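Q: Hi, could you walk me through this model? I'd like to go over it piece by piece.
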Amino acid sequence: MNMEDDVILQIKDLVIRFYTYEGVVKAVENVSMFLRRGEILGIVGETGCGKTITSLSTLKLVPHPGRIEGGEVYVKTDDGLVEVTKMDERSLEGIRGRYISIVFQEPGSALNPLMRVGDQIAESLLTHRGSDYYSRALKIIDNEIKMEKGLLKRWRLMVERKLPLINRVKKLVKNEVRRDVISLLKNMGMPDPEKVYDMYPHQLSGGMKQRIVIAMALACNPSILIADEPTTNLDVTIEAQILELIKNLQSILNLSIMYITHDLGIIAELAHRVVVMYAGSVCEVAEVHELFKNPLHPYTKALLESIPRPNKPFKSILGTIPNLVNPPSGCRFHPRCSHAMENCRNKVPKLMELEKDHYVACFLYER
Amino acid sequence: MGSLKPIISELKFTFKRIRQSPLSIAGLIIIMFYVALAIAAPILAPPQPDRDPYIIPNYGISPIPQPPSSQFIFGTTEGQYDLYYGCIWGVRTALRTGIMVTIGVLIIGIVIGCIAGYYGGKIDEIFMRITDIFYAVPTLVLAMAIIVLFGVGIDNVIKAMIITGWPTYARLMRGEVLRVKNEDYVLAARAVGCSDYRIITKHILPNAIYPVIIMATMNIGNIVLAASALSFLGLGSPRGYADLGWLISLSRNWILGLPGNPFAFWHTYTIPGLFIFTFVLGWNLLGDAFRDMLDPLIRRR
Amino acid sequence: MSVRKYLARRLLMLPLILLGVILIVFTILQCFSPAQRAIAYIQSTEDMLYINDIIKKYHLDDPPYIQFLYWFDNLLHGNLGFSVSARMPVSQAILTFFPATVELVMLAIPLLLIIGTLFGILSAVYRDSLIDHFVRVFSIGAWSMPTFWSGIILLAIFYGGLGMFPPGRLSTQIALSLIQNPIHQYTGIYIIDGVLNGRFDVAWDSLNHVFLPSLNLAILSSALPMRIMRSSMLEVLGKDYIAAAKAKGLSKWVVIWKHAVKNAIIPLITVSGIMVANLLTGVVITETVFAYPGLGYFAAGAARSLDMPGVLGFAIFAAVIYTIVNLVVDLLYAVIDPRIRY
């Protein structure tokens, strides 16, 4: 699999179906996209267009009754290129949280209500760096043993060191992790991180909870962050803060971010490149300024036109999102498209590079 | 009261789900079988003339139960009572008990629950405290106490179970009334000046009553179970009455069988027990399926 | 509100509810004439001659409010009347029969909790698998099975067919030996007392007898925790924080035990009140079937003999136990769920 040097995540021809009581939902149909190192890729689309499921598939977290039926997902890790779609659970556990992290939409629901928030971030650290912490704690005890002159005390320390489940090692590890979590929280702009560590989710506001979730996601320094509408359920002012935070983190840590949203305003402000999805397929991919200046796909055009503007009549896209158990034949947008042609009903348009770095899937542009 | 189309389509979906779940179909079949059995009892096991049909005829005085034979399909139990007759009419008794308790519990529960929920305030407080007190004693124990008070017999079993059962439905009704009370159409009716009675009967009741009725119907299985337990303990029907619990209590002396054949009297406990078990199972299967279907989370998986 | 205020409020409710039960019992008793009520205190047929004295002694024909004070006073002193069926004062009967029931229940509760929760969890984790189907069928079957019927079938198979696990509490042999050489009763529970006295044959015999009724109770009562645990786990497993935990890279079983089970157990605590009520009911029936001389056996015998004081005594006792359990449950809630504490 040949990937360009700066591409860090690649999705090829992904097919995902849901086997429900009412039939098979063809949620994602031949979706392809890639993410470059250090860029923010925005994924835009209406609710139900498959953007969330696509992102979940990068970690093989598609929920039951969904199944990945085709296509591949490739991720560049420190150990080289891995094909996520073919990995088993154990290896996936090594990738999740470590190379790719997800921030979910509802800030509160991603946190276990019965656990202190600090412990939940610590959990992430311990899962992937547990052995590091453990060996560090052992080294500290070893040092103490060396420095200790009294024989009795030395013996006691050595016994404590040998026994694997001993309190002391665990306590040292806990303290170390706690320190790291608190400094992480400070970097997230969390006021009073010492206190916040011991709080429970229901004691925190929406914005603080989202910071916790972001901290949890970034704890192990992943290269890829998937943000699934992280600000949708927050107040506008808090939203602005979180967006600011994400922008800062991205530049400081050189994160590659897949930012999912239905809000074009956030896309304009945050993203470098944009993927437009509709009803489970990709319509258009372009660099953000190019997309806004020169939208090619009829759906993209309609989306941009439907953004409310003062002194202009309200324009919406006619029709509704199709039922994905029986999606429209051919191009899924054709029933609502003002430029629909005979071809659109029969064949599915392929994603083609029309101009430099500007891809469209529409028969209007097919030669 | 609003458009009917969504209600109809939901009902259609409900029936489709019923058809799709084999367990609920099984439950439905079992229940229909037993209801048919109960109705057809006079034909299946003709009662003796000039006698209360619920009294099981006995043919002899020997205490030793006789195994199934051509004369007695299920054999006889201690005292030579015809087990077949007893089981058939026993099912009828069980169904009758279940229905009467359900009706009684619903009437009392709905009325009290409505009043408590609608008027709120002090009345509601008193209601809640009273139900708390009822809840403090396990239902069977309370029923036992009531029966000892009023006397033994199947009618008192029914009364006792109504007395111990109404708080649950009253509370459920109250909850539903509270939920519906704040809906817009109720506020509109009050704004127009409808009397309390009218609001309750025409607006609140029809919308609040379904969960209560459904829960009560689903509970018939447990009612029969409890009633048969009371009969087993000797607090229900008198000797000779067609009651499945009583029939099983007779079999206690015969569990050991005969020397060399420990299961000689298997029919005395297996057969009536199977009747009760499958009867309750049928109700619970259907009740479970109903509950699963009404739960919006599981409805559309 | 803080834990202390919450506890205080619950503690206050306890005596109020009990008072309510007692009031109702008293009101019911008022339906009887003084003579009828006097019978409750009669110990033998000769006492019938002195019935008027008994009426005077217990103030049974005084105005109700005065009566209640005396009756309540008697209650607090443990005078619940005389039980004809047990041929001893009711309070003494309760104390005598109580340990046997404790022995029965102390074996049944861990059994039913472990079976119930374990299978409930497994059934949710391995959804739609063989285990799941087995659990669903089993829990409905156990829920529909009459306790007395399963008890009889167990007896017929194990005792009638195989000669194991006889009914009753002790075999006649051991009972006789205990009359000749009584052991010191620390708890009244033969399994424990037997071991503490070094009489392992007594402990083993008691275990032998209590096993089948415990099994009966446990298997039937495990249906409720099984179903609740299953549906609760299914709901929790669908929550976002489970997906987030998986996304952190935690292994499947760590997610299940550390995150899912802790959250899923909360509804189980809600129904533990109902479970205790079911246990009390099941105890009455099971002890009758197995002729096991515990409180349930006493209560059933009292009911059958129309022994009003006995039944009422049992009812009040059951109410006390139930209310205490509910209080403990509420405490547990506060301990486990931080949302209630803060």
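Predicted model: local features only at pLDDT ≥ 70, side-chain atom pairs only at ≥ 80, totals over all residues.

Q: Which residues are buried in H3(A)?
A: Among them are Val117(A), Gly118(A), Ile121(A), Leu125(A), His128(A), Tyr133(A) and Ala137(A).

Q: Switching topic: how many residues are in the largest nonpolar core?
A: That core has 268 residues, and Met144(B), Val311(C) and Ala315(C) have the most contacts inside it. Helix H4 of chain B, residues 83-119, gives the most to this core, with 16 residues. Domain 1 and domain 2 of chain A each provide at least three residues as well.

Q: What does Val311(C) touch?
A: Leaving out residues up to four places away in sequence, Val311(C) touches Met144(B), Ala145(B) and Val148(B), along with Ala299(C), Ala302(C) and Ala303(C).

Q: OK, chains B and C then. How many residues are in contact there?
A: 39 residues of chain B are in contact with 40 residues of chain C.

Q: Which helix of chain B gives the most to that side?
A: H12(B) does, with 9 residues. Helices H5, H6 and H10 of chain B each supply at least two residues too.

Q: Nice! And how many on chain B's side are nonpolar, polar or charged?
A: The side of chain B that touches chain C has 28 nonpolar, 7 polar and 4 charged residues.

Terms used. Residues numbered from 1 in each chain as written. Chains lettered and ligands numbered in written order. Core = buried A, V, L, I, M, F, W, Y, C linked by C-beta atoms within 7 Å. Buried ≥ 20, exposed ≤ 12 C-beta atoms within 10 Å, placed from the backbone. Helix = DSSP H or I, 4+ residues; strand = E, 2+ residues; numbered from the N terminus. Domains from an automatic or database assignment. Contact = placed C-beta atoms within 7 Å. Nonpolar A, V, L, I, M, F, W, Y, C, P; charged D, E, K, R; others polar.
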